[in-house]
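Here is a walk through one protein model, from a single side chain out to the whole fold and back again. Keep the viewer open while you read.

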Amino acid sequence: MNTIAVSNRKSIGEGQPVYIIAEIGINHNGSLEIARKLIDEAAAAGCDAVKFQKRTPEVCTPRDQWHLQRDTPWGRMTYINYRHKVELGYDEYAAIDKHCKDRGIDWFVSCWDEPSVDFIEQFNPGVYKFASASLTDHALIEKVKATGKPFILSTGMSTMNEIETTVEKFGTDNMMIAHSTSAYPCPPAELNLKMINTLQQLYPNTPIGYSGHETGLATTLAAVIMGATFVERHFTLDRAMWGSDHAASVEPQGMHKLVRDIRDAEMAMGDGIKRVYESEMGALKRLRRVITPDAETAK
C-alpha cells in the first residue's frame, strides 16, 4: 500500500495512524462563528482534519429549482438564495485557514464544480475529496487531478462498474478511495463494511478508507478494525440544529469517544506476533500447574 502525504504533518497509508476527518460540510449553516466552534471541538477531540464543502450555486443547482420557495432559518426564500446563504466566501475561508493553523489541524474541501476548485486552490490545500455524487463527474476529477494534489474518491451511490471505470480512467497515483453508503442517516444493514476488504483486494496499493453516515460509533470503529486507513464522519455542535446533515452527524462528546476508541483499537491490534507479556508473568506463576522452559524465554 502506498503512503500519501496530505499535509506537512500527516500522511495516510501503510504504517500511519488512522487519519480521522470531522466532516463539517455545510453544518456551519453559513456562519463563520459556528465553523470556528466546530474546528475547536474537532481539534480538542483529537481529529486530524476538518473538511468543508464548496459549491458555486449557479453551477450546482438545477435551474428549474432556483426559484422554488424554501423555509430557512433566515425566513422563506428561493432555493438559489438559500444555496448562497450556506456558502462561505474568501474572507471566511481565509479565517478558517488561519484558525486551523492556529489549532494544529488540517483542513480541506469537497469541491462540487470546477470554479470551486479554482477558488480553493488559493489556499493550497494538501488534499481534495470528491463527494459520492461526483464520482462520475470526470471533468471535475480531471480539474482536481491537474492540480497535482492527492484526492479521495467517495463511492456512495455508485456501482462497481462506475468505481472501476473512474479508477481506470484516472489511475491510482495520488488516489485514495473511501467506501461509503449515501443514506442520511444510513441503517447498519446497508453499511456493507466488507466493501472495505473488496476495495483493498482490488486496489492493494491504494489507501482505502471509510466515510460513514450512520448514527452510532461502533460501526466506524469496526471499519478501522477492518483496515480503513482513514475515516470521515459528519460533525455538528448539535444534531437538532437546522439543516440536512445534522441528524447523521456526530456531536463533540461522541467525536471525543470515537477518536479515543480508534486510538485504543490501533494499539490493541498489535503486530500479530505471539508473546508472553511481563504483565502476564505473575498470573502464569500463580495459576499454571505445568510451567515449560518456554516460560523462561517468553519475556
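## Starting at M269

Setting aside residues up to four places away in sequence, M269 touches V224 and I225, where contact means heavy atoms within 4.5 Å. M269 sits in helix α10, and its C-alpha atom is 8.0 Å from that of I225, 44 residues away along the chain. M269 is partly exposed, at 42% relative accessible area. For reference, buried is under 20% relative accessible area, exposed is over 50% and partly exposed is in between, with a 1.4 Å probe and protein chains only. Helices (H or I, at least four residues) and strands (E, at least two) are DSSP runs, numbered from the N terminus.

A word on the ground rules: this is a predicted model, in which local features need pLDDT of at least 70 and side-chain atom pairs count only at pLDDT 80 or more, while totals for chains, interfaces and linings use all residues. Residues are numbered from 1 along each chain as its sequence is written, and side-chain values use heavy atoms, with hydrogens and water left out.

## The whole protein

Zooming out, the protein has twelve helices and twelve strands. Its C-alpha trace spans about 80 × 40 × 40 Å along the principal axes. Of the 299 residues, 46% are buried. Among contacts with a separation of 6 or more, 64% are between residues 24 or more positions apart.

The accessible surface comes to about 14400 Å², and carbon and sulfur atoms account for 50% of that; the areas come from the Shrake-Rupley method with a 1.4 Å probe, and for residues only the protein chains shown count as cover.

In soluble globular proteins, nonpolar side chains tend to be buried together. Here the largest nonpolar core has 59 residues, and C47, V50, F52, Y93, I96, W107 and M255 have the most contacts inside it. Helix α1 (residues 32–45) supplies the largest share of this core, six residues. A second, separate core has twelve residues, F108, I152, M176 and F230 among them. A core in this sense is a set of buried Ala, Val, Leu, Ile, Met, Phe, Trp, Tyr and Cys residues joined through side-chain atoms within 4.5 Å.

What does F52 touch? Not counting residues up to four places away in sequence, its partners include E23, H28, I39, Y93, W107 and F108. H28 is worth a click too: it lies in the loop between β3 (19–25) and α1, and it is buried, with a relative accessible area of 1%. Beyond its neighbours within four places in sequence, H28 is in contact with I34, A35, L38, F52, V86 and L88.

Take α7 (residues 160–170), where I163, T166, V167 and F170 are buried. Seen down the axis, these buried residues fall within an arc of 95 degrees, so they line one face of α7; the arc is that of the directions from the helix axis to the C-beta atoms. On the other side of α7, N161, E168 and K169 are exposed. The buried residues pack against α6 (138–145), β9 (151–154), β10 (175–180) and α8. G171 follows α7 and has a positive phi, near 75 degrees.

Now for α9 (residues 218–225), in which T220, A223 and V224 are buried. Their arc around the axis is only 100 degrees, which puts them on the same side of α9. Their cover includes α8 (195–202), β11 (208–212), β12 (230–234) and α10 (252–269). Just after α9, G227 takes a positive phi of about 110 degrees.

Most residues other than glycine have a negative phi, and most peptide bonds are trans. N124 is not a glycine, yet its phi is positive, about 50 degrees. N124 lies in the loop between α5 and β8 (128–130) and counts as exposed at 55% relative accessibility.

N174, also not a glycine, has a positive phi of about 65 degrees. Its place is in the loop between α7 and β10, and N174 is partly exposed, with a relative accessible area of 26%. Last one: the peptide bond from Y184 to P185 is cis, with omega near -10 degrees, and P185 is found in the loop between β10 and α8.
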